[in-house]
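Colleague: I would like to learn how to read the features of a two-chain model, one after another. Could you take me through it, with the general idea before each case?

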Amino acid sequence: SYLISFSFQQRIEIHKLRQGDNLILGFSIGGGIDQDPSQNPFSEDKTDKGIYVTRVTEGGPAEVAGLQIGDKIMQVNGWDMTMVTHDQARKRLTKRNEEVVRLLVTRQSLQKAVQQSMMS
Amino acid sequence: MSAAMDTESTYSGYSHYSGHSKKAHRQGRDRHKSPRSKDGSRSEKSVTIQTPPAEPLLGNDASRAEEGQDDNWGETTTAITGTSEHSISQEDIARISKDLEDSVGLDCKRYLGLTVAAVLGLLVFLTPIAFILLPQILWRDDLEPCGTVCEGLFISVAFKLLILLIGTWALFFRQPKADLPRVFVFRALLLVLIFLFVFSYWLFYGVRILDSKDTNYQGIVQYAVSLVDALLFIHYLAIVLLELRQLQPMFTVKVVRSTDGESRYYSLGHLSIQRAALVVLENYYRDFTVYNPALLTASKSRAAKHMAGLKVYNVDGPGNNASGQSRAMIAAAARRRDSSHNELYYEEADHERRVRKRRARLVVAVEEAFTHIKRLQAEEQQKAPAEMMDSREAAQAIFPSMARALQKYLRTTRQQQYHSMESILQHLSFCITNNMTPKAFLERYLNPGPTLQYDRDRWFSKQWTLVSEEAVTSGLQDGVVFVLKCLDFSLVVNVKKIPFIKLSEEFIDPKSHKFVLRLQSETSV
């Protein structure tokens with residue numbers, strides 16, 4: 001058996017939670033074109049300046065919607081997130097008049113493929 | 001027949017003497033005892049040769065015994081017979097006389113060299129004066145009168161000779177600081193050059209001027225001036241060859257002492273091997289810590305224990321397989337499970353702790369002792385309190401309180417033979433006179449210092465031998481190794497060339513120093 005690494009894209013719809021005066025999503029982001037990509041623990045390519053999910057709060061809206069730590073956010077509500085600064089990314093996620101954000105994320109996955117199942 | 005030299009032999013405990021000479025020689029001679037010379041032929045010796053008596057060695061044992069043991073053995077004569085195994089043989093005499101000749105010979109060689117150089121120098125110095133004076137003495141009436149130019153040349157000759165004299169004094173008139181085994185090549189070369197030069201000038205002068213009685217006095221004086229100019233240039237050549245050439249460093253030499261591995265590096269220029277050895281030795285006395293044989297006993301006892309552990313039994317027969325035996329021993333020693341490294345580790349840790357403890361006690365004792373002394377200022381001196389002392393008495397007063405701690409420390413670090421009580425007292429009074437702190441006083445005892453710091457008797461290293469595979473007058477090259485041996489240890493010197501350095505430049509515009517921040521922030525949304 002051997003390991004296969006592949007990435008697949010997923011669409012995740014998060015409903016924001018109201019907490020006091022703020023609408024929160026329940027995760028943290030890192031990365032951006034103005035940041036240092038070599039310090040990103042989740043990226044496979046250390047020159048990748050995209051936006052990554054660095055933390056997901058337990059029981060928050062993001063976890064409920066299926067967002068996982070290490071996901072790379074490609075789009076938010078149709079807006080591209082691969083070439084934005086850190087602050088721009090934050091702003092796009094925390095627009096006050098939006099209650100739902102639809103993310104397009106890319107997730108790395110490692111799966112053990114059993115040889116027999118491949119052959120069968 | 002008897003030679004006119006007296007014997008001082010350690011062997012003469014076994015010497016035999018004829019019954020006749022015994023009484024005559026015992027009166028009127030001083031006792032000679034030389035227990036310190038282990039190897040008899042090394043110290044200065046002289047030998048008495050007497051006619052051999054008729055009695056053989058063994059037959060005289062009875063008479064020797066009744067004479068008493070070691071009282072008068074120094075006064076007895078040693079018979080030179082070939083059969084006696086303990087008397088001085090013919091070869092020993094030859095060796096002793098050769099030693100005497102050698103020591104006299106070396107001095108002769110040095111003084112010979114100096115006298116030759118001095119005579120040559122004097123001749124050379126007087127030559128221009130002679131060139132100028134000889135025509136005046138010999139054919140004064142025929143000479144053209146000396147005009148202004150000619151007299152100006154007299155002044156120039158005088159001053160140039162003065163400059164030459166001062167320069168020669170500055171450069172060459174120095175106390176020889178060393179005795180080198182072979183002749184100094186450049187110096188000899190220069191002497192030969194000067195000799196040939198002056199000789200050719202005299203030849204020309206004798207043939208063209210003296211014989212033909214040249215009347216052009218100005219020409220003669222100019223000839224003398226040209227000689228002095230050329231001598232000044234030779235002096236310049238001497239400076240360059242003897243002093244300047246070796247100033248630029250070309251080689252790095254590594255000097256390692258064979259007994260304890262202490263090593264130093266020095267930079268040298270183009271020198272011959274013997275001159276490089278001289279430089280190394282001059283720096284040895286200043287840089288290397290003094291050779292202390294007491295510190296080597298531990299490793300020697302360990303080495304003895306290693307070799308004593310194994311015995312080889314030859315089972316197969318009487319065949320003498322020496323190399324096979326030694327290889328078997330080495331292999332067995334390597335395989336044997338040895339705990340000597342453990343012993344070494346604990347012993348060293350223990351010793352370290354003991355030294356530190358003694359050192360702490362010593363420092364405290366000395367600090368306390370120094371607090372008892374107060375220097376009197378000038379006004380206080382006039383009031384003259386009763387116990388006013390000079391520095392020596394002050395030293396003697398505070399010495400007893402620190403003596404025990406100091407002695408214990410010196411014993412632990414095995415330095416006790418290097419410092420006598422008198423030397424310690426002297427150092428203490430020196431420190432008190434110069435307002436030194438206790439730490440400055442202790443600096444001499446806490447760390448072993450260079451050889452120059454100690455008494456000449458404790459040096460162990462006064463006579464050196466240069467051992468080299470190449471000629472000692474050849475220059476240093478990369479990879480040359482030579483050894484400087486003295487009686488107890490040797491210095492191994494390894495020469496390496498300083499590498500050729502290729503230096504290139506890079507220009508950085510001061511405005512080009514620009515920076516960015518590298519961040520990795522995390523924001524929660």
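Colleague: Which residue of chain B forms a salt bridge with Arg55(A), and how far apart are the closest N and O atoms?

Modeller: A salt bridge is a side-chain nitrogen of Lys or Arg within 4 Å of a carboxyl oxygen of Asp or Glu. Here the partner of Arg55(A) is Glu522(B), with the closest N and O atoms 3.4 Å apart, and the count between chain B and chain A is one salt bridge. Please keep in mind that this is a predicted model, in which local features need pLDDT of at least 70 and side-chain atom pairs count only at pLDDT 80 or more, while totals for chains, interfaces and linings use all residues. Residues are numbered from 1 along each chain as its sequence is written, chains are lettered from A and ligands numbered from 1 in the order in which they are written, and side-chain values use heavy atoms, with hydrogens and water left out.

Colleague: How many residues of each chain are in contact, and what area do the chains bury between them?

Modeller: The size of an interface is often given as the accessible area lost when the parts come together. With buried area taken as the accessible area (1.4 Å probe) that two parts lose on being put together, summed over both, chain B and chain A bury about 1,200 Å², 44% of it on carbon and sulfur atoms. Counting contact as heavy atoms within 4.5 Å, eight residues of chain B meet 19 residues of chain A.

Colleague: Which strands of the two chains are joined by bridges?

Modeller: Strands are DSSP runs (E, at least two residues), numbered from the N terminus, and two of them pair if DSSP finds at least two bridges between them. Strand β4 (residues 27-30) of chain A and strand β6 (residues 522-524) of chain B run antiparallel and are joined by three bridges, and Ser28(A) has Ser524(B) as its bridge partner.

Colleague: Turning to chain A, is Asp48(A) buried or exposed, and which side chains does its own side chain meet in polar contacts?

Modeller: Buried means under 20% relative accessible area, exposed over 50%, and partly exposed in between (1.4 Å probe, protein chains only). Asp48(A), in the loop between β4 and β5 (51-56) of chain A, is buried, because its relative accessible area is 17%. A polar contact is a pair of N or O atoms within 3.5 Å; within protein, one must be able to donate a hydrogen and the other to accept it, and residues adjacent in sequence count only if both atoms are side-chain atoms. The side chain of Asp48(A) makes such contacts with the side chains of Tyr52(A), at 2.5 Å, and Lys72(A), at 3.0 Å.

Key. Helix = DSSP H or I, 4+ residues; strand = E, 2+ residues; numbered from the N terminus.
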